[in-house]
Amino acid sequence: MKTILKTTLISSAALFFMTGCVGGKQIIVPTYLAPKEASKVKGIMEDNGDKKGKFISLAIDPKVKTEVQIQEALKKRIVNITKETITESNYILLHPIYSVSQNGLSLQVTNYSFKKSCEKDACYLDSQLELSFNISRGSVDYYTKNYNSSKQRQSEKRSQHLLPNEMEISAELIKDCVEQFISDISPQKTNQLRELKPLPSEIAYLLDMAPAGNYQEIIAKMEKYKGDKDMSYYYDLAVFYEALAAKNEELGLLEKANINYEKALSKGGATDEVVVKTKARFDKFYDVFKKLAQQRSSNKKQEQSINDEYNIKE
């Protein structure tokens with residue numbers, strides 16, 4: 001079995017600098033939001049009863065059920081794309097053997113259509129897919145929800161060969177449905193604004209360095225500053241630590257961000273609307289990421305146990 005969990009790095013290109021609508025400078029920081037169906041996630045956790053901790057594991061039923069007639073190739077595509085997309089989410093461990101897994105994920109196609117037609121000088125493509133995802137614990141159904149996706153394309157008749165074929169469109173439809181499913185049961189990445197405050201004149205130039213996204217250098221220069229450190233200083237330092245943590249996905253950097261946010265609050269930030277709101281957003285990110293990091297660790301340990309048990313080499 002290939003490595004099931006992959007490290008996901010957020011590109012520095014996802015971080016950029018802008019002028020806020022109220023005149024302050026802002027950066028956009030990648031962050032995580034809790035699963036939409038967080039209560040359901042708890043129900044599919046398994047506990048080893050040892051130091052490996054709790055892990056989230058699913059095995060996918062290789063037999064796709066259908067309420068409409070589809071080709072076998074499409075069924076295989078559904079299973080393969082579902083496996084790939086869940087693996088990319090880096091949150092759920094895929095058990096390699098469906099028959100022995102405590103949690104099973106079965107897939108059912110409840111609606112599918114692919115239509116291509118041409119009228120006069122134009123050609124049209126219309127496709128739809130509805131996939132039902134069912135998580136069962138043992139023989140008991142635990143979570144069932146349908147997800148929909150549709151795609152439309154058109155082109156001049158003479159260029160109809162440029163329209164995607166059914167295999168390409170169906171892959172897009174499947175990916176859409178699976179990503180909707182994953183967004184319900186695993187943390188999701190998003191972007192949030194973090195407003196910056198003016199810094200002392202000696203280090204004010206650091207705000208102008210932010211467009212390059214070199215937060216590590218900015219933090220190093222701020223940490224060397226020997227002048228008066230007020231609420232704005234600690235707040236900005238916290239924001240830059242948070243941005244670097246989001247960029248590198250490092251829990252230790254988030255812990256440093258939290259320390260500096262707390263210092264900013266103690267220096268008067270508790271009565272500053274920007275600081276209070278930013279800290280509240282950060283707290284949600286911090287909480288979700290701590291759980292995510294712990295989950296990844298538990299899943300990785302369990303993955304190794306599964307590999308050893310079934311003599312699977314990565």
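For the helix pair described below, an axis is a line fitted to the C-alpha atoms over the stretch in contact, and the angle between two axes runs from 0 to 180 degrees between their N-to-C directions. The model is a predicted one, and its protein chain contains eight helices and ten strands.

**The chain as a whole**
- The protein chain has 314 residues, of which 48% count as buried.
- Its accessible surface is about 16,300 Å², and carbon and sulfur atoms account for 48% of that surface.
- When contacts between residues at least 6 apart in sequence are considered, 69% of them join residues at least 24 apart.

**Helices α2 and α3**
- Helix α2 covers residues 72–89, and it packs against helix α3, which covers residues 166–185, at an angle of about 45° with the axes 9 Å apart.
- Because of that angle, α2 counts as oblique to α3, and α2 passes α3 in a right-handed crossing.
- The residues of α2 that meet α3 include Leu74, Ile78, Ile81 and Thr85, while those on the α3 side include Met167, Ile174, Val178 and Ile182.

**Thr85 within α2**
- Thr85 lies in helix α2 and is buried, because its relative accessible area is 5%, which is under the 20% cut-off for that term.
- The side chain of Thr85 reaches the backbone oxygen of Ile81 at a distance of 2.7 Å.
- Apart from neighbours within four places in sequence, Thr85 is in contact with Lys175, Val178, Glu179 and Ile182.

Notes: Residues are numbered from 1 along each chain as its sequence is written. This is a predicted model: local features need pLDDT of at least 70, side-chain atom pairs count only at pLDDT 80 or more; totals for chains, interfaces and linings use all residues. Side-chain values use heavy atoms; hydrogens and water are left out. Helices (H or I, at least four residues) and strands (E, at least two) are DSSP runs, numbered from the N terminus. Buried means under 20% relative accessible area, exposed over 50%, partly exposed in between (1.4 Å probe, protein chains only). A polar contact is a pair of N or O atoms within 3.5 Å; within protein, one must be able to donate a hydrogen and the other to accept it, and residues adjacent in sequence count only if both atoms are side-chain atoms. Contact means heavy atoms within 4.5 Å. Accessible areas come from the Shrake-Rupley method with a 1.4 Å probe; for residues, only the protein chains shown count as cover. Angles under 35 degrees count as roughly parallel, over 145 as roughly antiparallel, 65 to 115 as roughly perpendicular and the rest as oblique. A crossing is left-handed if the near helix is turned anticlockwise from the far one by less than a right angle, and right-handed if clockwise.
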